[in-house]
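Colleague: I would like a close look at one strand and at what surrounds it. Please go on from there to the rest of the fold.

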Amino acid sequence: MGIRFKLLLTFVLSFGLLGLISLGLLQRSLNASYATIERNELASHMSRIVQSIEAELEHLNSLTRDWAVWTEMYRHVMQPDAAWESDNIGPLALDTAGLALVMVYDQQGQLVSFSSSAKSASPASGPPLARLQSSPYAALAGGAKLDPGCGLMRSEAGLMLTCLARISRSDSSGDFAGNLILARMFDDAMLTKLRHQTQLAIKLIARSEATPGMEFWPDFLPDSKLGPGNVWHTQEPKLYHLEFLAQDRLKRNVALLGVSVSRDVHEQGILVFQQVRRQLIWAGAFTASLLALAVHLLLVRRLRRFTRQLVELADAQTWNTRIKVKGKDELGLLSGHVNHLLSLIETQVQALQRLSLTDALTGLSNRRGFDERIAQELATKSRGERKLALLTIDVDCFKRYNDRYGHPAGDRALAAVAQVLGSARGREGDMAARIGGEEFALLLPETDAAGALVMAERIRSLMHELALPHEDSPIAPILTLSIGIAIAAADTPSTLIARADQALYQAKEQGRDRAVLLA
């Protein structure tokens, strides 16, 4: 057996073994990265479902509030009129409005009117909704123990969306007259609409039909009108099955919302790894044929350096790191191929991370991106005397703005606020983020209290110049901002945010449309 064959055999065996180890470490690191991204994508899907249902509740809530300030409704509660009830809130009127149920209570909690849609009745058993008159929902609503608002309600006819509003005159004169409850069936038509809106195959599952053996994810989503964000899940090679436990207004578990989602991110991770593995194999075979005549010590020493860098890269998961091998021979070419693949991985991971860290409406960083950045800035500050200021910004009376101008206008107003924050930023390192519905944050490195106050007043000035009309605001006829300022000391992210929120609270208490620096 010649030395050339021995060297080639030694190289093939060594490179093959080390390549398998490196690929195993790389696969483990990729799986962890893509699993995190996949979970965030699943949370985004479930959030879309919950948000779509909440949007339907908000639409029903708007209708309920409109009916509650209907002058004729007020008169009917004060002096019941059977003819008016039949014409305006009878079964045919409910069918036309797409409603399943109307219940009207007077000030004493007595039922004045009860009307259910003709579609909810069955020839065999009669109108099952009629039994809601003696249900816990009716007892709470009639006793004024249930606050105005919306949620789910379970009846014999099925799951329903329901809203409660206080009945009063349209001009707000006169006393509180009673309560109005409107309900809409959560039926196949509703599911079809939600599927179209979310582009997801949503299913309504009875609790008795819950999929056994599913893993529990507590607090997977933020709390909502549908209850805590608890989700159960199970997975197949190409599908994730999720079930969200929905609660009614009495905090009782009433239904499961199920959805099956394709594992696109997982499959993409597999494809990337297969591409890395395939090209590494080809590059290794090509390099082996070229390095058959290389000197043993030179070959072994350079391969060890090459492998050590691969292992370190896989352990650190820093995809911006590149393999460094001196020389312009075959091993240098191999490192070039690997670096090209690492560039592809880095580009894809960065793209997915940007999507997970960006607020879709405003284009600013979202809460997750903000939390990561503030933790980085505080860690940097702890190693030196670097200054750091945090501004929390809240749009004044934004709910009234939405109620007056509608949610699309509200979205445009939030986007305008984001543009104001972008214009106000003075340096590349300043970070603006949307951290809540109408709440924003501005992180200002290398900024002291005086600089933070100047920035806050600049933001307010730009917002005043924008002059977005807000006729329902008790503060000003335009949309305004309240700003809380905190200067980092020996803070953690949570304590710094809490102090900025405390300053924001003081700004609101002092009349809004102002900036307050927490002493």
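Which residue in β13 is the bridge partner of M431?

Modeller: The partner of M431 in β13 is L443. This is a predicted model, in which local features need pLDDT of at least 70 and side-chain atom pairs count only at pLDDT 80 or more, while totals for chains, interfaces and linings use all residues. Residues are numbered from 1 along each chain as its sequence is written, and side-chain values use heavy atoms, with hydrogens and water left out.

M431 belongs to β12, which pairs with β13 in the antiparallel sense over four bridges. Two strands are taken as paired if DSSP finds at least two bridges between them. Strands (E, at least two residues) and helices (H or I, at least four) are DSSP runs, numbered from the N terminus. Buried means under 20% relative accessible area, exposed means over 50%, and partly exposed lies in between (1.4 Å probe, protein chains only).

The sheet around β12 is open and has five strands in the order β12-β13-β11-β14-β15, with mixed pairing. Its edge strands are β12 (431–434) and β15 (515–517), each of which pairs on one side only. Neighbouring strands here are turned by 20° against each other on average, direction ignored. Angles run from 0 to 180 degrees between N-to-C directions, and the axes are lines fitted to C-alpha atoms, for helices over the stretch in contact. At the β15 end, β14 (residues 481–487) and β15 run parallel and are joined by three bridges, with G484 opposite V516. Helix α14 (residues 493–509) packs on this sheet and touches β11, β13, β14 and β15, its direction making about 140° with that of β14. Contact means heavy atoms within 4.5 Å. Helix α12 (residues 407–424) lies across β11 (388–395), β12, β13 (439–445) and β14, and runs at about 10° to β13.

Now to the nonpolar cores, each a set of buried Ala, Val, Leu, Ile, Met, Phe, Trp, Tyr and Cys residues joined through side-chain atoms within 4.5 Å. In the largest, of 51 residues, W67, V104, I167, L180, F186 and F244 touch the most other members. Helix α1 (residues 3–68) gives the most to this core, with eleven residues. A second, separate core has 32 residues, including I393, A409, L414 and I483.

Not counting residues up to four places away in sequence, F244 touches, among others, M46, V50, L221 and L256. The pairing of β8 with β9 (residues 239–247) is antiparallel, over five bridges, and three residues lie between them in a hairpin. This open sheet has five strands in the order β6-β10-β9-β8-β7, with antiparallel pairing. β6 (202–205) and β7 each have a single partner strand, so one side of each is left without a neighbour in the sheet. The twist averages 30° from one strand to the next. β7 and β8 run antiparallel, joined by five bridges and by a hairpin of two residues; E215 is bridged to H233 in β8.

The structure holds seven aromatic pairs. Rings of Phe, Tyr and Trp (its six-membered ring) pair if their centres lie within 6.5 Å; planes under 30 degrees apart count as stacked, over 60 as edge-to-face and the rest as tilted. F216 and W232 form a tilted pair, 4.7 Å centre to centre with 40° between the planes. F216 is in β7 (residues 215–224) and W232 in β8 (residues 227–235), 16 residues apart. F216 counts as partly exposed because its relative accessibility is 38%; W232, at 25%, is partly exposed too. W217 and F220 form a stacked pair, 4.7 Å centre to centre with 20° between the planes. W217 is buried, at 9%, and F220 is buried at 9%. R39 lies over the face of W217, at 4.4 Å from the ring centre. A charge sits over a ring if NZ of Lys or CZ of Arg is within 6 Å of the ring centre and within 35 degrees of the ring normal.
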